[in-house]
Amino acid sequence: MNVLYETPGPRARLRNNVVTLLVVTAVLGAGYAIGTRLQAKGQWDSALWKPFLDVQVWTGLLLPGLLGTLTATVVSAVLALTFGVALGVGRMSARRWIRVPVGAVVEFCRAIPLLIMIFLVQAGSFALLGRSFSAFTSVVIGLTLYNGSVLAEIFRAGVRSVPRGQSEAAYAIGLRTSQVMRHVLLPQAVTAMMPAIVGQLVVLLKDTALGWIVAYEDLLNAGIRLIPATFSNLIPAAMVIAVIYIALNIGLGALAVRLDRRNPAPDPRIPGRAKALSPARIDSRGYAIGPVT
Amino acid sequence: MGTDTLIDHFGVILVSFWGTVRLAVTAGLWSAALGLVVALMRVSPVPALRAAGTLYVTVLRNTPLTLVLLFCGLGLGATLDVHFSRDDLSMDNFWLAIVGLSCYTSAFVCEALRAGVNTVPRGEIEAARSIGLTFTQTARLVVLPQALRAVIAPLGSIVIALTKNTTVVYVVGYLEASRQMKLLFDEDGASVQVFAGFALGFMVLTIPAGLVFGRLARRLAVSR
């Protein structure tokens, strides 16, 4: 990025220092203003922060909540990946009667807000079965449908990025369509799209928080409802769980960078080996630039 | 039964979608402005500005939107007593929601813009610097005009995501489409027709937005 400006000389260094001073002053000033506001509302009282030094608050409230978030994430991720491969392959099918309906399902699930979908699953299960699905089931179904559809598009883009020579060669040695997909195209598509896939899993992890709205007991529930109900410390508790969410997502993001580094760099001399043009580019810090939620 | 609910409440549903549109447009404008500022900070020559921008983006894009909005509604509004309107609760909640939505979305706008800066050929920026343009001049005259045109399509997907994300404002308590759908479901039971009505409403909002941004992106594409 430093292509945008010169290596600073003496004058630029002076100017940078002045700007730095201004920035630091502004940040400190804003921090002071927020701090006094919190002070005025008694948010720095040690009684509000002490619960987080208590082991029982962690083992009794925060960790069970975290477990809820992680369970929903892992179960939905596994289901969404499976569903995504199925939809992605279905949308590339040579048979029109498979391709068109699958395409409609994918486009529909991507266009509908996830929260609306979760409401439908919960209310719809009551209307059809006479009793609502549990919050967990509703959240997992919603997350699977939405992220499965997004992942389907990622897989499809991955398969399309595999050079045609690869599938032509596979057909030429006598593999059938399903074998070409399974043995040649999908493995390369998944490798090429790994950063985008992990990026979507970060989105999925964040979206598990929507489960709180239908009373799923996750990390958000622990930080927003349970802990403030006992200690009336909503702001400290919200900050603590925010830090946990951020740490989880940065961890996943770092995984994306590592996986991307294992991808072979494009070699212009070999026409068959191009790095995928992923729809979700990953920048140097591991953020997916494509999927947004 | 479902069709009747849909017809009987058609006016109310339209009003709720008007709430969705207002949230999306207002938050869209604020997040565009905020995102541009943070993007400029993240590419600026001053390390402190870059660090502040990076911190902002890291925090906001890794926190669930539900938590951000709850923090605005319960934390800013209820606990810290920050209010935009004393006498109109709905307006107050609207602006608290706008704060959350704009901050959250601006982090994604910033990252899209930064990706756009990367599409500007190195040589042009080096040429600009060689003829003596400063950072601000290079950014304003050479980089941003090309970067902005390159990010129209990604900005389009952010706008669509923002429109869908307005449903999360449910937790702040401003009447928009998701709250209205939940109310109807609670009142008359779930029905495919009501859901289809709301689904259609969102498609009416998002599909044209996608088409418009797609067209704009093609028309304004920088030819190289």
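Visitor: What covers the buried residues of α9(A)?
Guide: This is a predicted model. The cover draws on both chain A and chain B. From chain B it includes α4 (65–79). From chain A it includes α3 (55–91) and α10 (234–262).

Visitor: Which residues of helix α9 of chain A are buried?
Guide: Helix α9 of chain A takes in residues 219–231. To count as buried, a residue needs 20 or more other C-beta atoms within 10 Å of its own. Those that qualify are A:L219, A:L220, A:N221, A:A222, A:G223, A:I224 and A:I227.

Visitor: Is A:L185 buried or exposed?
Guide: A:L185 sits in helix α8 (residues 177–207) of chain A. The cut-off for buried is 20 or more other C-beta atoms within 10 Å. A:L185 has 23 of them, so this residue is buried.

Visitor: Which residues is A:L185 in contact with, leaving aside neighbours within four places in sequence?
Guide: Contact here requires C-beta atoms within 7 Å. With those sequence neighbours set aside, the partners of A:L185 are A:V159, A:V162, A:S167 and A:V180.
A separate C-alpha separation, to A:A170, 15 residues apart along the chain, is 9.5 Å.

Visitor: How many helices and strands are there in chain B?
Guide: Read along the sequence, the pattern is α-α-α-α-α-α-α-α-α-α. The count for chain B is therefore 10 helices and zero strands.

Key:
Residues are numbered from 1 along each chain as its sequence is written. Chains are lettered from A and ligands numbered from 1 in the order in which they are written. This is a predicted model: local features need pLDDT of at least 70, side-chain atom pairs count only at pLDDT 80 or more; totals for chains, interfaces and linings use all residues. Helices (H or I, at least four residues) and strands (E, at least two) are DSSP runs, numbered from the N terminus. A residue is buried if 20 or more other C-beta atoms lie within 10 Å of its own, exposed if 12 or fewer, and partly exposed in between; C-beta atoms are placed from the backbone. Two residues are in contact if their C-beta atoms, placed from the backbone, lie within 7 Å.
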